[in-house]
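The sequence and the structure are shown first.

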Amino acid sequence: MGKLIIASNRLPVKIEKDEKIIKVTPSAGGLATGLKSYHKENNSLWIGWPGMIPETQQETNEITALLKKEQCLPVFLEEEQITNYYDGFSNATLWPLFHYFSDFAKINETFWDAYCRVNELFAKKIIENAEVGDKVWVHDYQLLLLPKILREKCPDLTIGFFLHIPFPSYELIRILPWREEIIEGLLGADLVGFHTYDYARHFTSSVKRLLGYDVDFMQIKLDDRQVFIDVFPMGIDYEKFEQQALKIQSKPIQERSKEHQDIDRFLLRMPDRKLILSIDRLDYTKGIPQRLKAFRYFLEKNPEYKEKVSLIMLTVPSRTDVKQYQKLKNEVDVLVGNINGEFGTLNWNPVIYFYRSMPLENLIELYSSADIALLTPLRDGMNLVAKEYLASKVNHKGALILSEMAGATKELGEAISVNPNNIPGTADAILQALKMPDDEREKSIRTMQKRIKRYDIHKWAAEFMSALEDTAKKQQDYHARKISPKIKAKIYKDFLAAKEKVVFLDYDGTLQRFYANPQAAVPDEELYQLLDNLAQAKGTKLVLVSGRDRETFEKWFGNRAYILIAEHGAWVKQPGKEWIEKKPIHPEWKENILPVLESYVDRTPGSMIEEKTYSLAWHYRKAEIELGTLRALELVTDISTLIINQDLEILEGKKVVEIKVSGINKGLAASAFLRNNPANFIMAIGDDWTDEFLFKELPQEAHSIKVGTENSAAKFYLDNYREVRKLIGEIVNTKS
Ligand code: GDG
């Protein structure tokens, strides 16, 4: 089994130079904190930027050697790249846009160019270190293009991607001039993971709208492979926080850290004083000004809590070179000053404000001492702080107020949920948390703890990896059944040797590309030539078998030497003869169904009805894609009740729902044809769900070929209609 290569912008450790001494320190931030224990335990190789620009070759070597001990490999970036790729495209374009701050998002070609170049650099480093059988797990928004670059250079690599921030609605992503490149970049992966279903849903919707790929139950169908989408809500190293909190709690006061002793003294002075805690990077997405305003509002409305409640706010400096962050720092400074100036007394600071980072141990001390955690991001991919607070509450005396805009809210339903933009609402939540009876607090804390303990960081990473392995197996199965030159040679040999040959070919998506407008799929000269040659090959019967109406088939192929089967088998035509109807039937059945379909056309712009002898088809190829899919589901439910006890059935094809007389399908039509035309070489090629009938009915020795990547009863796969045309051309030209 190969190794795992993790790739992220930052490594789990950062390199700093302090008085000419190069030091390794742990990185802060959700991704690094979360994944580093998994990294250590699983012997993976982590590739990323070390956080420092070496000045000499010697420094480069020293950093590389230090990182090697941590199983890390550096990608060194230059000043200009940090400015344009990191501060620029990553943090001044993607970060605001993906967090719905579209006004902040800078559109800048230089940023984009640097972003592309740095993604290439990461790819190069990974390829230099990857061996056959390795898996690559790419993380986060700084490396959105990396999966595609890797796929192009190493098609057999197994690639997973996880996005730690929200994936925004299509309406946001469409703003980017490079939106297609970004989505294509991600589709280089085998598996793309998100924290919540909403983000996954936004992603698949953008894939459909921007690139037009089919998405089926979280699988995206590309020409030559599938990309799997799934939801993995990131967990924390629960045990680490729990154990550390237990240790802290059992320490005698004099052995506690200075900060912890300060907190204890602070609480001892007034035992009924309550502490509210918030911890986050100083980022405009975290809703820090809104939180302060809510706290001020709370103090104004509830004067009885003066001197009884303090908000400890730890804000960790972040992206200090980006202008928005500097402005935010000023805003927060002013707000804290105002609140303390207005409400504070000699004995009491309403807001205790730290603008720095702290060692993890101090962080856990804060978590365990705080009565309430107040976490109010305006948007947050997950928010691990909420989970860390819960894990550290070993005495169960706590309450969590959590923004409904954080991904974590989906798992932490027992928390007090707030809309951070609603200042009075958040102030009410503070009051609610302060007044909450002890048994109620304990119950909700315990319930949430149980959940996040079970799905911790180890489980999260293991689940992602096992899903990645599964997808790799599925891709392998698909590739194993893809027609190889050896299989092709065997098919050509069998064709040449056989006296009686029958070839069944579907039309749309098999011989011709799939058009939004079905009438545009007119056969071209190259195709006619190819089919004519095949039909003229000695002992060969070429059968075009399609769901198309017979009028269109007559127009396109009526004078050709092919056997035509139209409307899934309802009509058959031998070359030079008239069309024969399989089963005459009274057309009254349509009278009930047509009005229903018409109401769907009215309510689904772009959709249309096609009337055939034995069926009515509702096409939604040209409708808005999500609305079309939704309506198709509704339509199937409506029609199912209408056709009970009638000799009718529903077929769901590619962007079409067809109601047709039962007992007619491509498989039955092919069997009937073969009964009258026995053959010792049979081949069938099709791309649609309806072609599965054909594949299943054919005798065991037939060569059945599916076009596309969906599961199929066919023996082999081809990627697209161009490959089908190539195969047919080669069959005809095989001489010996
Ligand atoms: C991104 C997404 C998503 C904070 N201050 C200190 C410190 N931290 C640690 C916390 C926590 C982490 O940083 C913060 O994680 P969050 O999840 O809250 O937020 P982001 O950094 O924005 O992370 C986020 C996450 O990725 C994971 O996918 O949840 O939505 O934005 O672990 O403990 N650690 C130390 N000192 C500090 O002062 N040692």
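Two residues are said to be in contact, or to touch, when heavy atoms lie within 4.5 Å. The model discussed here is predicted. In that sense of the word, and leaving aside residues up to four places away in sequence, F298 touches Y305, V309, A427, I430, L431 and L434.

F298 belongs to the largest nonpolar core, a set of 99 residues, where F167, F203, L292 and F298 touch the most other members. The element that gives the most to this core is helix 3, residues 79–98, which supplies nine residues. Another core lies apart from it and has 67 residues, including I15, F162, L191 and A391. As a general matter, nonpolar side chains in soluble globular proteins tend to be buried together.

| Core | Residues | Among its members |
|---|---|---|
| Largest nonpolar core | 99 residues | F167, F203, L292 and F298 |
| Another core, apart from it | 67 residues | I15, F162, L191 and A391 |

For the chain as a whole, 25 helices and 29 strands are found. The C-alpha atoms fill a box of roughly 105 × 65 × 45 Å along the principal axes. The chain has 736 residues, of which 58% count as buried. Among contacts with a separation of 6 or more, 70% are between residues 24 or more positions apart.

As to charge, the chain carries 100 positive and 106 negative charges, and their mean positions are 2 Å apart.

Methods
Residues numbered from 1 in each chain as written. Predicted model: local features only at pLDDT ≥ 70, side-chain atom pairs only at ≥ 80, totals over all residues. Heavy atoms only, no water. Helix = DSSP H or I, 4+ residues; strand = E, 2+ residues; numbered from the N terminus. Buried < 20%, exposed > 50% of the residue type's maximum accessible area, 1.4 Å probe, protein only. Lys, Arg positive; Asp, Glu negative; His and termini not counted. Charge placed at Lys NZ, Arg CZ, Asp CG, Glu CD. Core = buried A, V, L, I, M, F, W, Y, C linked by side-chain atoms within 4.5 Å.
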